[in-house]
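Here is a short report on one protein chain.

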Amino acid sequence: MPCPPTLPASAPRSATAVADVSTDVVVVGAGAPGAAVAWHLARLGAKVLLVERRAAGDVWRSAGPARWNDVSVPPALADEAFGWWREVERDTGATLLHAEAGAWWVRPRHAVAALTAAATGWGAVLRHCDPVRSIELRAGRAVVHTPTAALHAHRVVLAGAGLQSLSPVAAGHAGPVLAGPRAGAFAVPAQGRSIATAALPT
């Protein structure tokens, strides 16, 4: 699906100049991992930009039809994730958690949409259809370059498959560029919390 020029919160498609934008954290990738990290960061008071190369519908559909359940998740992590899914439900009014045969599960497409809504509800700014071209380091900060903007941030979280090649350094939990959760699953809101805590500017 192409990115329509009227898509709310999208990057402007007619801009001829590249804007300079400052923020606390840029999260690259608006699937479940990135949306979860952005939600937690926004709840913790950070100024967050959530950047995605695709349109919203494409992101949600790519989560797939298979259920995310707690069966293969370690019990302590499953319990933590369950609590965070309940928080997403409270933030959005969505019904996400379902029970069947003693297991809890969520529908991926609904989960990604709800995490995105929760993140933006707490103030995260979503930029669909604005692919990241490169990331550079300047004086301990990161600059994320897209076709429409240079996004200056204290931290960058690379949340999604195939994004590590964008990092100018080995992405880890030190320095301005961090690796986020790689895939969506039942535990993603709990994993997103730990990444968000590490990504908070000091």
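How many helices and strands does the protein chain have? The protein chain has five helices and 10 strands. Helices (H or I, at least four residues) and strands (E, at least two) are DSSP runs, numbered from the N terminus.

This is a predicted model, in which local features need pLDDT of at least 70 and side-chain atom pairs count only at pLDDT 80 or more, while totals for chains, interfaces and linings use all residues. Residues are numbered from 1 along each chain as its sequence is written, and side-chain values use heavy atoms, with hydrogens and water left out.

**Overall packing**

Of the 202 residues in the protein chain, 49% count as buried. Buried means under 20% relative accessible area, exposed over 50%, and partly exposed in between (1.4 Å probe, protein chains only). A contact means heavy atoms within 4.5 Å. Among contacts between residues at least 6 apart in sequence, 63% join residues at least 24 apart.

**Cores**

The largest nonpolar core has 43 residues. Such a core is a set of buried Ala, Val, Leu, Ile, Met, Phe, Trp, Tyr and Cys residues joined through side-chain atoms within 4.5 Å. Val27, Leu41, Trp68, Trp85 and Leu115 touch the most other members. Two or more residues each come from strand E1 (19-28), helix H1 (32-43), strand E2 (48-51), helix H3 (75-92), helix H4 (108-121) and helix H5 (188-199). H1 gives the most, with eight residues. Leu41 touches Val25, Val27, Ala46, Val48, Ala196, Ala199 and Leu200, not counting residues up to four places away in sequence. Another core, of 15 residues, lies apart from the largest one; among its members are Val51, Val132, Ala142 and Val144.

**Helices**

How do H1 and H3 cross, and at roughly what angle? Their axes come within 13 Å and cross at roughly 70 degrees. Axes are lines fitted to C-alpha atoms, for helices over the stretch in contact, and angles run from 0 to 180 degrees between N-to-C directions. H1 and H3 are therefore roughly perpendicular, a term that covers 65 to 115 degrees. Trp39, His40 and Arg43 in H1 meet Trp84, Glu87, Val88 and Asp91 in H3.

Glu87 is partly exposed, at a relative accessible area of 22%. Leaving aside neighbours within four places in sequence, Glu87 is in contact with Trp39 and Arg43. Glu87 and Pro189 are 102 residues apart in sequence and 9.7 Å apart in space, C-alpha to C-alpha.

Pro189 is one of the buried residues of H5, which include Val188, Ile195 and Ala199. H5 has 12 residues and reaches 16 Å from its first C-alpha to its last, close to the 16 Å expected at 1.5 Å a residue. The expected span is 1.5 Å times one less than the number of residues.

Three strands form an open antiparallel sheet in the order E3-E5-E4. Strands E3 (68-69) and E4 (98-100) are the edges, each pairing on one side only. Two strands pair if DSSP finds at least two bridges between them. E4 and E5 (residues 103-106) pair over three bridges. Glu100 has Ala103 in E5 as its bridge partner.

Most residues other than glycine have a negative phi. Two alanines have positive values.

Conventions:
Angles under 35 degrees count as roughly parallel, over 145 as roughly antiparallel, 65 to 115 as roughly perpendicular and the rest as oblique.
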